[in-house]
Amino acid sequence: MVEWLPESYWLVRFLFQRSLAVIYLLAFLVAATQFRPLAGENGLLPISQYVERSSFRERPSLFYYYPSDRVIGLAAWTGVALSALALVAGPYWLPTPYAVPASMALWLVLWGLYLSFVNAGQTFYGYGWESMLLETGFLAVFLGAGPSGPPVVVVWLIKWVLFRNMFGAGLIKMRGDDVWRNLTAMDYHYETQPIPNPLSWYVHHLPDRFHRVEVFGNHVVELAVPFLYFAPQPWASVGGAATIGFQGWLMLTGNFSWLNALTIVQAVAAFSDGVLTSLVPVSAPTAADPPLYLQVLAIALAVVVLARSVRPVKNMLSETQVMNTSFDPLSLVNTYGAFGSITRDRYELVVQGTTDETITEDTEWRTYEFEGKPTDPTQRPRQVAPYHHRLDWQLWFAAMRRSPRRSPWFPAFLERLLSADEATLSLLAEDPFSGAAPEHVRAVRYRYRFTTPEERRETGEWWSRERVGAYVSPVSSDDLRLRRGR
């Protein structure tokens, strides 16, 4: 049956809110540790560029009016604290009349703070899971708390986000690249994905037949299963379970920030309390109806979401579908999609420095190591998700290009390395100069591939690499200043 009563979703809401709080906590921790060196006052893309090139109306953010590292840090750590409060169900501790307004205020502040980071983060915050977290987080404002159940319409709006997330991803794959249609996408994916994880090497070497089944299963889960979300129970829960299993496999075999974890959180809305209590030994309380004002707000929210869904749906159904696009400054209703095309070859930038004042054939170059992206062929791929190393991701995009012209932050990155900037070095896994400044740095472009099982047995290496050419020839601080006209 279709569950229409608020008491059918009290446990679902509780689980959804706690899980979403974990995602917010991770997102604000990333902002607290990475935003300032990436997009702060002295960031690789300084926040002044956001202020100069945008209007508040186009990209609203607290940092438009207060573009300082102090405010950025305060906002990030406030987000961490409020996420922790949401995680421990803070509003549920309050007397009944105050639980719902306190919950609404808490989730609204979390949403507003994170919107400030996304809109001011420029290239480093240009990922689909940013707008997805904002859209999902805004819906959480209207779920309520305490002994009353949630407005059922809001639960269905979460299903609507999940549907667009999954179905949009399925459509972009079928339209975007032949390898999805001929079932060969997984021949390349595990090796060329942005940041492989410890299992990626092993799964890459599974039989071709397994990879064909994988791609076919991907199409089923993304193009057929999403329609189950709106079916009667237990079929909606079957759709939710299939989605959770699929996203769990992606988490096991790759590092995609919190994209998969957030999708799992959304899939919680496909269940009902009756299904959850039949699966796990918990009981759901008898919930009252939500307050009238919350029900009215939920209906108004549904009207806004449906009106704003027109453009995302048109985009999703269009032959010229684009992925991960927001259609309003608040990211209230967005379009999603991932891996519409698959790269066939993996390129990596190896960034190196030297203390030699004069570059010769005998110059000794030392390599900077990163938290997630491959550099050292002997280093086993790391597990970093759902934490998001933003610099590593941008280096993956930059390596696809033959020069840094389309990555305007890259020369600034080299300049920070040449000055041994402490904030920038904090983004790396290893500084070969232990905090000292090198005289020159360079970036070399390599083609990487996973070693075969035989090669790994012989060499112990996870990667084989071939030098393609110079990405940035050796430069000193003076060279970069001249190039920037300073």
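These are my notebook entries on what I looked up in this structure, which is a predicted model.

**Entry 1: the annotated domains**

I began with the UniProt record, an unreviewed entry. I computed 68% helix and 0% strand for residues 125-276, with the end C-alpha atoms 35 Å apart. The unreviewed entry also carries "domain: Lipase maturation factor 1/2 C-terminal", covering residues 332-472. Here the span is 21% helix and 28% strand, and its end C-alpha atoms lie 40 Å apart.

**Entry 2: helix H12**

Next I picked a helix to walk along. H12 takes in residues 235-253, which makes 19 residues. From first C-alpha to last I get 27 Å, close to the 27 Å expected at 1.5 Å a residue.

Which residues of H12 are buried? My list reads Ala236, Ser237, Gly239, Gly240, Thr243, Phe246, Gln247, Leu250 and Thr253. The buried residues of H12 pack against several helices, among them H7 (152-176), H11 (208-224) and H13 (259-267). H9 (186-192), H10 (200-204) and H14 (273-279) are partners as well.

Then I went looking for exceptions.

Gln233 and Pro234 are joined by a cis peptide bond, with omega about 10°. Pro234 sits in the loop between H11 and H12. I found another cis bond from Ala385 to Pro386, with omega near 10°, and Pro386 belongs to the loop between E5 and H17.

For phi, Gln122 came up with a positive value of about 55°, although it is not a glycine. Gln122 is in the loop between helix H5 (96-120) and helix H6 (128-140). Ser331, not a glycine either, also has a positive phi of about 55°. I located Ser331 in the loop between strand E1 (325-326) and strand E2 (334-335).

Is Ser331 buried or exposed? Ser331 is buried, because its relative accessible area is 5%, under the 20% cut-off.

**Entry 3: two buried side chains**

I went back to the loop between strand E5 (369-370) and helix H17 (390-399), where His389 lies. His389 has a relative accessible area of 13%, so I logged it as buried. Setting aside neighbours within four places in sequence, I find His389 in contact with Gln34, Glu371 and Val384.

Phe413 is in helix H18 (residues 410-418). With 0% relative accessibility, Phe413 is buried too. What does Phe413 contact, leaving aside its neighbours within four places in sequence? I noted Leu44, Val351, Phe370, Leu391, Thr424 and Leu428. I also checked a distance: Phe413 and Ala270, 143 residues apart in sequence, are 44 Å apart C-alpha to C-alpha.

**Entry 4: leucines and the surface**

Leu306, in helix H15 (residues 292-308), is exposed, with a relative accessible area of 56%. From its C-alpha to that of Phe167, 139 residues away along the chain, I get 17 Å.

Last, I looked for nonpolar surface. Val22, Leu85, Leu87, Val88 and Trp93 make a patch of about 450 Å². Leu87 belongs to helix H4 (residues 69-87). I logged Leu87 as partly exposed because its relative accessible area is 33%, which falls between the 20% and 50% cut-offs.

Conventions:
Residues numbered from 1 in each chain as written. Predicted model: local features only at pLDDT ≥ 70, side-chain atom pairs only at ≥ 80, totals over all residues. Heavy atoms only, no water. UniProt positions renumbered as here; feature names shortened; annotations may be inferred. Helix = DSSP H or I, 4+ residues; strand = E, 2+ residues; numbered from the N terminus. Expected span 1.5 Å × (residues − 1). Buried < 20%, exposed > 50% of the residue type's maximum accessible area, 1.4 Å probe, protein only. Contact = heavy atoms within 4.5 Å. Patch = residues over 30% accessible without salt bridge, like charges linked within 9 Å, V, L, I, M, F, W, Y side chains within 5 Å. Areas by Shrake-Rupley, 256 points an atom, 1.4 Å probe, with all protein chains shown as cover. Salt bridge = Lys/Arg side-chain N within 4 Å of Asp/Glu carboxyl O.
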